[in-house]
Amino acid sequence: MQTVYNTYSLEKESFSPIEKGKVRMYLCGPTVYNYIHIGNARSSVAFDTIRKYLTWRGYDVTFVSNFTDLGDKVIAQGKKEGLTEAEVADKYADAFLADAKALHIAPATVRPRATHYMKEMVAFVEQLLAQGQAYEVNGDVYFKTNQFKDYAVLSHQNMDELKKNAAGRLEGEDQEEKHEATDFALWKREDRPGVTAWPSPWGPGRPGWHLECSVMIDALLGETIDIHAGGIDLAFPHHTNELAQSVSFHDRPFVNYWLHNGFVNVNDEKMSKSLGNFVTIHDLLADDQIDPQGLRYFLVKTHYRRPVAYSRERLDQAQQEVDKIYRTMRSLAKQAGSEGVVDPRVQEQVTLQNERFIAAMDDDFNVENALTVIFEALTLANRSMQEGASAATALLLQKQLTEWLHIFGLDDFEEKRALPDGAKALLEKRAAARSAKDFEESDRLRDELKTMGLLVKDGRDGQSIEWL
């Protein structure tokens, strides 16, 4: 039985999609005003892995993830860079897509932009007003949280405490306009010069952040969806407010399974610009010594609900594990073929491992247990090749491992990291020394290369390298 942990119930629940064989899934995407940080990437990688697993299990997954391409952060960045709001959004949406591609995150089925759904947002607010579930004050429209009896359920907080905390956090005119401290904006008037605004029955303005996702989900996935995903920090207020307005709008369930990923801590501290430990994927990928697949693996090897502790040392350790995978997969590729017959003992072990892999991932996508199975299979592959396994046996192992590793975003097993400065010249000198049968010099150069993190091996086709 396949189970997922539902933040709404705080329990693992049997996974049963609305429509048999199909999954409708939404992931809150980034506000495109800057390069994404490692926490954004963790969410994208975690739910890309879940999406890929569901697809591998035979589901037809419609995966929607948005761009929030408006708001105060976009406006502020535009002023900083001398760009329009649209130019800022285009620049950083393109940067996100480039980072996502490098991390082997599959393209979304649809990647909507909030600014493309303004008419639908206005209509959504109009209906909530008509139903008496919202009110307008001086061009601002607010949702009545008191009128939604299950408002605090997803956040698992006491409603009175929510009101108290909200009142303590918020100051200014909008707080005075609200009937209750927890009421949230569906539409905000906009009269600042040079700032984009959209027409509405309440005057020019902009949609509330929470409204955007509800409307895009409604337009692209329907009134009720299977999975809504995002970082745990979005459970309140963003997802709480989405749920309240969407259920009120349709008078039916909005989401069947709420999935939330844990935070990323940097050097054992919460990531923060003020602490100087803010890490962007753009900067990490600009480092020639970082393999994008190693970065992807680092982010995905921890169960999605648990926090990830980032440090360069831990990233390097993850890369060492990826290097082991690379080596085995390259060896299998050289040996795999149609010749011979499959070793029945290996076939039996692979079948059992596949069952264990499925059992692990069916248990709320337990990647840690699934990776244990993968490394057992890699050990089996290495042992089989050492024992002279047939090409057909190697092909069986290669195919099974390739399927599993694709789920984790590991698809390209060729080494692409840049060599350290001077390493290429040393390798050329060593090749010349081997050719001249100067084995003492060859060994000396091999040891020097080892200090650079490169293990040199000699074979029939010449020397090859592996990263230590």
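Modeller: Two strands count as paired if DSSP finds at least two bridges between them. Keep that in mind, and also that this model is predicted.

Colleague: What makes S9 and S10 a pair?

Modeller: The bridge count. Strand S9 (residues 225–231) and S10 share 6 bridges, in the parallel sense. The rule asks for at least two, so they pair. Gly-231 stands opposite Asn-261 in S10.

Colleague: Which sheet holds these strands?

Modeller: An open sheet of 4 strands, in the order S4-S3-S9-S10, with parallel pairing.

Colleague: Why are S4 and S10 called edge strands?

Modeller: Strand S4 (60–65) and strand S10 (255–261) each have a single partner strand, so one side of each has no neighbour in the sheet. On average, neighbouring strands here are turned by 20 degrees against each other, direction ignored.

Colleague: Which helix lies across S9 and S10?

Modeller: Helix H8 (residues 235–250) does, running at about 155 degrees to S9.

Colleague: How do you know that Lys-91 and Glu-81 form a salt bridge?

Modeller: Their closest N and O atoms are 2.7 Å apart. The cut-off is 4 Å, so the pair qualifies. Lys-91 sits in helix H3 (residues 85–102) and Glu-81 in helix H2 (residues 72–81), 10 residues apart.

Colleague: Are those two residues buried, partly exposed or exposed, and how do you know?

Modeller: Lys-91 has 34% relative accessibility, and Glu-81 has 27%. Buried means under 20% and exposed over 50%, with partly exposed in between. Therefore Lys-91 is partly exposed, and Glu-81 is partly exposed.

Colleague: What makes Arg-306 and Glu-368 a salt bridge?

Modeller: The closest N and O atoms are 2.2 Å apart, within the 4 Å limit. Arg-306 lies in the loop between helix H10 (292–300) and strand S13 (308–310), while Glu-368 is in helix H13 (residues 367–386), so the pair ties together parts that are 62 residues apart in sequence. Arg-306, at 44%, is partly exposed. Glu-368, at 26%, is partly exposed.

Colleague: Why does Asp-447 with Arg-446 count as a salt bridge?

Modeller: Their closest N and O atoms are 3.8 Å apart. The limit is 4 Å, so the pair passes. Asp-447 is partly exposed at 43%, and Arg-446 is partly exposed at 31%.

Colleague: How many salt bridges are there by this rule?

Modeller: The count is 29. Some join into a network: Asp-72, Glu-190, Arg-192 and Arg-206 are linked in this way.

Colleague: Which residues have the most contacts inside the largest nonpolar core?

Modeller: Ile-38, Phe-357 and Leu-401, in a core of 82 residues. H13 gives the most to this core, with 10 residues. A second, separate core has 37 residues, including Met-118, Met-121, Ala-134 and Met-216.

Colleague: What makes such a set a core?

Modeller: Its members are buried nonpolar residues joined through side-chain atoms within 4.5 Å. In soluble globular proteins, nonpolar side chains tend to be buried together.

Colleague: How do you know what span to expect for helix H11?

Modeller: The expected span is 1.5 Å times one less than the number of residues. Helix H11 (residues 312–335) has 24 residues, so 34 Å is expected. From its first C-alpha to its last, H11 reaches 35 Å, close to that value.

Colleague: Which residues of H11 are buried?

Modeller: Among them are Leu-315, Ala-318, Val-322, Ile-325 and Leu-332. Gln-319, Asp-323 and Thr-328 are buried too. Buried here means under 20% relative accessible area.

Technical notes: Residues are numbered from 1 along each chain as its sequence is written. This is a predicted model: local features need pLDDT of at least 70, side-chain atom pairs count only at pLDDT 80 or more; totals for chains, interfaces and linings use all residues. Side-chain values use heavy atoms; hydrogens and water are left out. A salt bridge is a side-chain nitrogen of Lys or Arg within 4 Å of a carboxyl oxygen of Asp or Glu. Buried means under 20% relative accessible area, exposed over 50%, partly exposed in between (1.4 Å probe, protein chains only). Axes are lines fitted to C-alpha atoms, for helices over the stretch in contact, and angles run from 0 to 180 degrees between N-to-C directions. Contact means heavy atoms within 4.5 Å.
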